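Subject: Structure handover

Hello,

Here is the structure for your work. My notes on it follow below.

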Amino acid sequence: MFCYQCQETAGCSGCTQMGVCGKKPEVAAMQDLLVYVSKGLSAVTTQLRKEGTKVSEETNHLITWNLFTTITNANFDNEAIIARIHNTLSVRRTLILQVKDTSGLPEAAFWDIKTKDGSDASDDVLFAKAKEAGVLSTKDEDIRSLRELITYGLKGLSAYSKHANVLLSDDPEIDAFLQRALAATLDDSLTADDLVALTLETGNYGVRGMAMLDTANTGAYGNPEITRVNIGVGKNPGILVSGHDLKDLEMLLEQTQGTGVDVYTHSEMLPAHYYPAFKKYPNFVGNYGNAWWKQKEEFERFHGPILMTTNCIVPPKDSYKDRLYTTGAAGYPGCTHIDGEIGAQKDFSALIEQAKHCSAPEELEHGEIIGGFAHNQVLALASQIVEAVNSGAIKKFVVMAGCDGRANSRNYYTDFARALPKDAVILTAGCAKYKYNKLNLGDINGIPRVLDAGQCNDSYSLAVIALKLKEVFGLDDINDLPIVYNIAWYEQKAVIVLLALLALGVKNIHLGPTLPAFLSPNVAKILTDTFGIAGIGTVEDDLKLFFGK
Ligand code: FS2
Ligand code: SF4
């Protein structure tokens, strides 16, 4: 296997024996193959569109769901991945018959699991193909780096698209781009310059994808508002919901009414509490635990069923494996998967029944944390914020959005947040917040010093806020604002967030705790020279750099 798509990749270069995330070589192989056949199908759909043939919503959803399945920590279930490969090839077999001119299609558009006699190829053939189609199949390291950068950005975009799709929101132009770009990563005629341009275009569509999701979320559940979230526990048994899918949470809340079972959020689901629509459920008790990587200890102590709606799954301990459920693009072998296509009602009765026989969660902590500072809420406070900036009470905003992770080096973000000058305000989104959202950093004239906009996709909110402040302060350039960017990344949604920020013209983003292994020295240099992207240093050095002290 070879995988270097996330920040925790072995030795900062690539997982080759087994994923640091727990992904086994056979799962890595089938994920590579799923990406490959998705690229083949995308080449077909892109050609169909060129010829004026409409591509169905189902096919669009199939491709985004496939990519989402291969995101770090989303799906470890080889059977589910192989089933998606079969399904993708079956759709492609039908669609390729509609293509008038197949001469320009890549080999991936023709490769099939079916042998000439109609039987399925052996596992050996699949693994051999996966090896041939994996990351290292591109020999030139710069072309490989750009192809993977685009592919990972598209994986992130797929995740955000899927969350919007389940709220019945679609943008066929995003899908058309996504498929065109996926197919382009197989096109040997494209130069490094072409791929750099495609990378930036991916960022533009990242902005569009996050905007679509923002509209879908706020349309369905209202605008996030300032909310104090309980981090303690009640006396009833509970179900813990993790991941990012708000629609799953809504269905579960509906189905748990009157059952005596409480519902808690975990990790990236915390921001659900900020939406007005979820406040009406009396059994929506609070948030349990911290960022994804602490789940082994915390899930054990939760005692009740846990629903993983997306990544990040840590391979579970036997002590709670029978309480771990997956749904959507998430999957883990041996854990029950709750089925449900886009738009379908899911049946969570198995979790609810199991919860009734579980004891209440063990208290990990108590108190409250505050959040809900997405664009609408922050813009409602705009005059207060502008006054604080004009009076000098707030000197700088520090965007510390992104992901959390296991590496000790990420303690940098806790130390950095703690050491920030008292006149600096953190703007955050994503699970990165758990590094400092319980530090009690206080407020400035009533404005909390940690403003949490929501999930990683709500980084879009931070961009909207920045653009609004630029307008209010009458600036020509977003980079003239008193905002610095110190972003933590882990998986591929952070890649699309980064590309989206670049597309919006944001410069000098610091990215840590390490720069992506998939950036070749030349590609890293392009990002540094063009956008001022840099890594992180020590807390002391970075404070000097950002604040001159
Ligand atoms: Fe955190 Fe994991 Fe949000 Fe990432 S829970 S690293 O998926 O997308 O952020
Ligand atoms: Fe390694 Fe990350 Fe790939 Fe998992 S997702 S195999 S940790 S690079």
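A residue is called buried here if 20 or more other C-beta atoms lie within 10 Å of its own, with C-beta atoms placed from the backbone. Please keep in mind that this is a predicted model.

By that cut-off Cys15 is buried, because it has 22 C-beta neighbours inside 10 Å. Cys21 also counts as buried, because 25 C-beta neighbours fall inside 10 Å. Cys15 lies in the segment before α1, the helix spanning 25-50, and Cys21 lies in the segment before α1 too.

Contacts, leaving aside neighbours within four places in sequence:
- Cys15 is in contact with Met1, Cys3, Thr9, Ala10 and Val20.
- Cys21 is in contact with Cys6, Glu8, Thr72 and Asn73.

Five strands form an open sheet with parallel pairing, in the order β13-β10-β9-β14-β15. Its edge strands, β13 (450-452) and β15 (510-512), each pair on one side only. From one strand to the next the twist averages 20°. Within the sheet, β9 (residues 396-399) pairs with β10 (residues 424-428) in the parallel sense over four bridges. Lys396 stands opposite Ala424 in β10.

Regards

Key:
Residues numbered from 1 in each chain as written. Chains lettered and ligands numbered in written order. Predicted model: local features only at pLDDT ≥ 70, side-chain atom pairs only at ≥ 80, totals over all residues. Helix = DSSP H or I, 4+ residues; strand = E, 2+ residues; numbered from the N terminus. Buried ≥ 20, exposed ≤ 12 C-beta atoms within 10 Å, placed from the backbone. Contact = placed C-beta atoms within 7 Å. Pairing = 2+ DSSP bridges. Axes fitted to C-alpha atoms, helices over the stretch in contact; angles between N-to-C directions.
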